[in-house]
Amino acid sequence: MVCALGTAQTLNDEPDRQLDYQLCTLPGSRLKFRGPIPNLRRPFVAVLGGNETFGKYVGDPFPNLLSDWCGLPVANLAVPQAGLTLFSEERLLLDLASGAEVTVLQVLGAQNMSNRLYSVHARRNDRFIGASSALKEMFPDVDFAEINFTGHLISTLKDTSEDAFGVLVNELKWAWVQRMRRILSLIESKVVLVWITDQGNQTVADQHEQSEPHFITRPMIDDLGDAVDRLVEVPLNGVSTLNDKIYPAREKEAALTLPGQQDHSCIAEALAPIVTELARAPGPRVPQARGIDQSSFSISSGTAVNKSATRP
């Protein structure tokens, strides 16, 4: 394991606030994780997720706090800007999670994921790589060469044609469920889904501008019920401030969009009794046989995932 200090820059004469993430790499992966990573040869809990789990801009992300609550080492294997494409293609992370007593998997949005209509970067899943011929036919007036990020892609397509955009959203939802079921089938430890939502997510889950994680609805979560051991839903108040965050001056606006230290405490508190109970329960989880539509992993460009749905 190799660790390096995170850095920050001061811009526009605004006082800079620096947070050392102790960035680490693991053998066999080019990804960087928030350190320190605990000894993975001893019983531990694994946590997979994106920006929120990584704990961007906060001193003690909820995986750290969860370790204090549970009395077990917790490996924060979250990756900034991660979507389901990263976790479906980085088999190392799923293998590590399979060796844990319990795996906590954050519910991530559906837009940062390769699908049959567009593809994203393999590691930075918020980066748009290319559109399929079908998507180009659906939106003939859009110049996809000018789009670099999925957020820009989604807002552009929504503003161009609501009817075609509805087709895209249905594809994202379907592909998300299929991809989640595949990921879950490859994790051999007990699995807790943590759904970190805005208050009001029940009614605006389809409105990507207003809710996180984008496009995730309760029926989609319910569809995974047989594939996970527990679901923990953590509604946040939707109001974020900079008071308990540490950030470079140039990232002030980005810092406003993510949970603060108090939010991370709420997430850890909600997870702690469930994770502790499962970690103490005897025996591993035995994944059920699941029908997975492999066509959801065939994309127009980038690296396609087309492995067996079960471990060899």
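Colleague: What makes helix H7 count as largely enclosed by the rest of the structure?

Modeller: In this predicted model, 18 of the 24 residues of H7 are buried, so the helix is largely enclosed by the rest of the structure. A residue is called buried when its relative accessible area is under 20%.

Colleague: Why is Phe 165 called buried?

Modeller: Phe 165 has a relative accessible area of 7%, and the cut-off for buried is under 20%, so Phe 165 is buried.

Colleague: Why is the pair of Phe 165 and Phe 215 called tilted?

Modeller: Planes under 30 degrees apart count as stacked and planes over 60 as edge-to-face, with the rest called tilted. The ring planes of Phe 165 and Phe 215 stand at 55°, so this pair is tilted, and the ring centres are 6.3 Å apart, where pairing asks for centres within 6.5 Å. Phe 165 lies in helix H7 and Phe 215 in the loop between helix H8 and helix H9, so the pair ties together parts that are 50 residues apart in sequence. Phe 215 is buried too, with a relative accessible area of 0%.

Colleague: How many aromatic pairs does the structure hold, and what makes Tyr 21 and Phe 54 a tilted one?

Modeller: The structure holds four aromatic pairs. The rings of Tyr 21 and Phe 54 have their centres 5.2 Å apart and their planes at 50°, so this pair is tilted as well. Tyr 21 lies in the loop between strand S1 and strand S2, and Phe 54 in helix H1, so the pair ties together parts that are 33 residues apart in sequence. Tyr 21, at 12% relative accessibility, counts as buried, and Phe 54 is buried at 3%.

Colleague: What makes strands S5 and S10 the edges of the sheet?

Modeller: Five strands form an open sheet, in the order S5-S4-S6-S9-S10, with parallel pairing. Strand S5 and strand S10 each have a single partner strand, so one side of each is left without a neighbour in the sheet. For S10, the pairing with strand S9 is parallel and runs over seven bridges, whereas at least two bridges are needed for strands to pair.

Notes. Residues numbered from 1 in each chain as written. Predicted model: local features only at pLDDT ≥ 70, side-chain atom pairs only at ≥ 80, totals over all residues. Heavy atoms only, no water. Helix = DSSP H or I, 4+ residues; strand = E, 2+ residues; numbered from the N terminus. Buried < 20%, exposed > 50% of the residue type's maximum accessible area, 1.4 Å probe, protein only. Phe/Tyr/Trp six-rings, centres within 6.5 Å; stacked < 30°, edge-to-face > 60°.
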